[in-house]
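Reader: I'm new to this, so could we go through the structure together, term by term? I'd like to see where each label comes from.
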Amino acid sequence: MKMGSVPHIVEDFKGILQVYSDGSTLRSATLPFNIQVDEDASVVWKDCCFHNDNNLHLRLYKPTVASSPTAKLPILYYLHGGGFCVGSRTWPNCHKCCLRLSSGLSALVVAPDYRLAPEDRLPAAMEDAMTSLKWLQAQALSGNGDAWLSDQRVDLSRVFVVGDSSGGNIAHHLAVQLGAGSPGLDPVQVRGYVLMAPFFGGTVRTRSEEGPSEALLNLELLDSFWRLSLPVGGTADHPFANPFGPASPSLESQELDPVLMVVGGNELLKDRAKDYATKLKDMGKKIEYVEFEGKEHGFFTNDPYSEVGDSVLHVIQGFISQISDKF
């Protein structure tokens, strides 16, 4: 056998994902970070399969104590990050974040997994996120749906999609596809979207992208994620990456539900998030931009019980309350 024919590693994400020259991949179950998850009795959780053919599961989280005897629980859909290439509902940072969202916001949290690249390139992840919402609709329409979702204390008309990083990108595409009020999901109604430093791209670098690398993120890694996740031959201006790219559909006439943008001041992705918020606001869309000074990518997801984590929850709670008060 010639040495040149031996597959070698061409992409390596901290050993979690290795891509070889022949296109094969190797994924490790051992994570290169240690995040302690201290569960208490405030939230119970369980896993459900929402797509048998692709063996996709989601995790449901429910607070054990209601904020008030009469208040119904809103539903938060949490879409994890990982550059479309890594991540899972089972990862300790994702799990810990969802526990915090459920207890801190008194909400039923739904955290679906989705197919990952490069084995399944975009739009697979976006299709799976939509399928998970359709699963919720099917549960609502079924006479024998999941007991947690058929509980009278759960409000299917107050669903909020929270997307972190690549999950924030997916949330944007869901917002565009579903439109205001999400009529295609009736009786389920999405009321708003929380985008946490969404993973958007573009062939022209922004000022924040050209700035210092972060502890967990650098420009080389962002470029690698796009190479692995976009359709073969696609650039960072592809509509899946750049909402305002040359081939992206115009959002001018698109009716969208309210959006909350949350970003750290030291994030490489900050300028793209700010540009997104500015452009949507100029189009007359309802969007709020909140920046946390000095914070880097994953500052909430990786440390949701911190002081700044409390502040993020307060902002999200305000966003939910403001919308809920109108119904």
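Reader: Which residue in β5 is the bridge partner of V44?
Author: That's K62. Before we go on, this is a predicted model, where local features need pLDDT of at least 70, side-chain atom pairs count only at pLDDT 80 or more, and totals for chains, interfaces and linings use all residues. Residues are numbered from 1 along each chain as its sequence is written, and side-chain values use heavy atoms, with hydrogens and water left out.

Reader: What makes β4 and β5 a pair?
Author: Two strands pair if DSSP finds at least two bridges between them, and strands themselves are DSSP runs of E with at least two residues, numbered from the N terminus. Here 8 bridges join β4 to β5 (residues 56–63), and the two run antiparallel, so they pass the cut-off.

Reader: Why is β4 said to stand at an edge?
Author: The open sheet has 8 strands in the order β4-β5-β7-β6-β8-β9-β10-β11. β4 (43–51) and β11 (287–292) each have a single partner strand, so one side of each is left without a neighbour in the sheet.

Reader: Why is strand β8 described as largely enclosed?
Author: Because 10 of its 11 residues (154–164) are buried. Buried means under 20% relative accessible area, exposed means over 50%, and partly exposed is in between (1.4 Å probe, protein chains only). β8 also pairs in the parallel sense with β6 (residues 73–79) over 6 bridges, and with β9 (residues 190–196) in the parallel sense over 6 bridges.

Reader: How do you know that E11 and R227 form a salt bridge?
Author: The term asks for a side-chain nitrogen of Lys or Arg within 4 Å of a carboxyl oxygen of Asp or Glu. In this pair the N to O distance is 2.9 Å, so it qualifies.

Reader: Are E11 and R227 buried or partly exposed?
Author: One of each! E11 has a relative accessible area of 13%, so it is buried. R227 has 47%, so it is partly exposed.

Technical notes: Helix = DSSP H or I, 4+ residues; strand = E, 2+ residues; numbered from the N terminus.
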